[in-house]
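Let's take a walk through a protein chain together, starting with the whole and ending at a single spot inside.

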Amino acid sequence: MSLMFNGIGVSRGTAIGQAYLLRRNQIDVASRTLQKDTIPAEVRRFKRAVKMARAQLLTARDNIPKDAPSDVSSFLETHILMLDDAVLSQRPVEIIKTEMINAEAALQQQREELIKVFGSMDDSYLATRIDDVNHVIDSVLRALDGGTEHVLGSEQWKGQIIVADDLTPADTVTMQHHGVAGFVTETGGQLSHTAILARSLGIPAIVGVPNIRRYIKTGEVITLDGRLGMVLAEPTEEMLTDFRRQQKDNRLRLRELAKLLDTEAITTDGVKIRLSANIEIEEDLKALKRVNADGVGLYRTEFLYMNRETVPSEQDHFKVYTKVVRALKGAPLTIRTADLGADKQATGQLASRTRPQAHNPAMGLRGIRLCLSDTSLFIPQLRAILRASARGPIKMLLPMLTTVAEIKQCLKLVEQVKQSLREENIEFDEKMPIGGMIEVPAAAIEAERFAKHLDFLSIGTNDLIQYTLAIDRIDDQVDYLYDPLHPAVLTLIKMTIDAGLKSGIPVAMCGEMAGDARFVRLLLGLGLTEFSMPPNLILETKRNLITCRRATLKKQVSTMLAAHTCEERQVLLDKINASAPEN
Ligand SMILES: C=C(OP(=O)(O)O)C(=O)O
């Protein structure tokens, strides 16, 4: 009988292949008491295992494809550093000696100790660090077990779909090297390192399918849809034929979309639309070029603060920004200053500064609040952005603004930085535009006043919806309340667009809503003409918008906004979307 499983689709793409089951953690650790004279041999066994685990991590690192983003190797470097740290390489030796227990039990004891320490810190970021600790300890346990196959991968993985309880970043790289068709894991979320790597390396992937390994056997044929987050086990011939047809349709769809590469994004009544890309890591630049985006509408710079021990220097920022702006060959680059805190945590030395023990981190010292509270963090980034502005068209975007006072503080600081650059005879664009994210309801309500001080606005719907509807954007339990069509959300979006029009400054949208096929016509009808989204959604959005007449949409949308109930609004939206091309 066929079985269907639903999880979180973290990397788009489809796959059909034989399942290969892996157990990466939950290794049984039996405790043994040692005789005094066997202790030296046990210590040697432990050290050999650490060496072996290290060699395996180095092999994985050396197998990273040349064109992979730098984050891929930094995940592995973090694991290598952890393995070298005394808490994992020395402390278990002391435990073996003092408690006279075997290496596995000593390692397990140290794991519990570390989890206790991390756990007591009450911090969402540390959950991922616990994952890292677990991954590293498990790699040593597997080496103690004499097993190398899982870490090194195998030729037989080619074309197979890995089904695992969990996967490490090293596994993900190894899997790509061995040509796996995709993977499914029982644990993990959108923001786990493994999910990020799967997206970067282009491996179709689904995470968060609890207990799936109980229902699937190695060798069994399964299908995976990374967009829908759906796995099908024991599909019938009919289902397989259907899935292959969908894969073929998808390939055809992509080929058709590619024909729009050089088509101008303009509505049937002549309204020009800007379609820019959201990027996070260098790898995204390739995707951006493939779809001929109108530049970058949102460059999230938080990745520069992650997976590293030290705080990025001005030069670290500058190097990356100049590389990106050069790659864009004259197309504009919108760099958002660090939006650290809450769901975007820094690592290493900076971790303690971005993770104060806030009771409610989403409303705490994050984004611009954090940067203004610690200018030693902010100024190097401001200097780097300004210096890079001499190399190509750059705009600066300030996140999480709530008050005009914050804008004034930022502008004053930028002016100070400009003055010091002038004194140092360092070039920069004197007219570099400075814009603000509208992602807090107060900012949308105040948009007209904000517009007086800024050169452009960009609506961040991910946070705007979170704060307007009081729902944590990463909490699955309230996901059902996350409603971009809520009248309050639409009112705030409209207020912002109207404020921009009235003040004569551009308004863009860079939240997920801008690339969501269900809402793009609605947004055009609300007056939005600048959309920024993940690169892979740009051509689809273009195809949708170039078939629209904006004047008609405006009327339809104003009728929709006047509707009294959600049901009525949905019916009217369905009507607006009825003639849209299918995705
Ligand atoms: C684009 C946004 O920012 P973030 O990086 O927080 O998703 C948003 O909030 O819509």
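Of the 583 residues in this chain, 44% are buried. A residue counts as buried if 20 or more other C-beta atoms lie within 10 Å of its own, as exposed if 12 or fewer do, and as partly exposed in between, with the C-beta atoms placed from the backbone. Keep in mind that this is a predicted model: local features need pLDDT of at least 70, side-chain atom pairs count only at pLDDT 80 or more, and totals for chains, interfaces and linings use all residues. Residues are numbered from 1 along each chain as its sequence is written.

How far does the C-alpha trace span along its principal axes? About 85 × 70 × 45 Å.

Now for the inside. In soluble globular proteins, nonpolar side chains tend to be buried together. Here, the largest nonpolar core has 91 residues, and Tyr321, Ile385, Met509 and Leu523 touch the most other members. Such a core is a set of buried Ala, Val, Leu, Ile, Met, Phe, Trp, Tyr and Cys residues joined through C-beta atoms within 7 Å. Its largest share, 7 residues, comes from helix 15 (residues 375-388). Apart from it lies another core of 57 residues, including Ile95 and Leu232.

Next, look for the barrel. 8 strands close up in the order 9-10-11-12-13-14-15-16, with parallel pairing; two strands pair if DSSP finds at least two bridges between them. Which strand does strand 9 (residues 274-279) meet through 4 bridges? That's strand 16 (residues 530-533), running parallel to strand 9. Within this pair, Leu275 stands opposite Phe531 in strand 16.

Finally, find Cys510, in the loop between strand 15 (507-509) and helix 21 (520-526). An unreviewed UniProt entry places the feature "active site" at His193 and Cys510; positions there follow the numbering used here, feature names are shortened, and annotations may be inferred rather than shown by experiment. Why does Cys510 count as buried? Because Cys510 has 29 C-beta neighbours inside 10 Å. Leaving out residues up to four places away in sequence, Cys510 touches Asn278, Gly297, Leu298, Ser458, Gly460 and Ser532, where touching means that the two C-beta atoms, placed from the backbone, lie within 7 Å.

Note on methods:
Helices (H or I, at least four residues) and strands (E, at least two) are DSSP runs, numbered from the N terminus.
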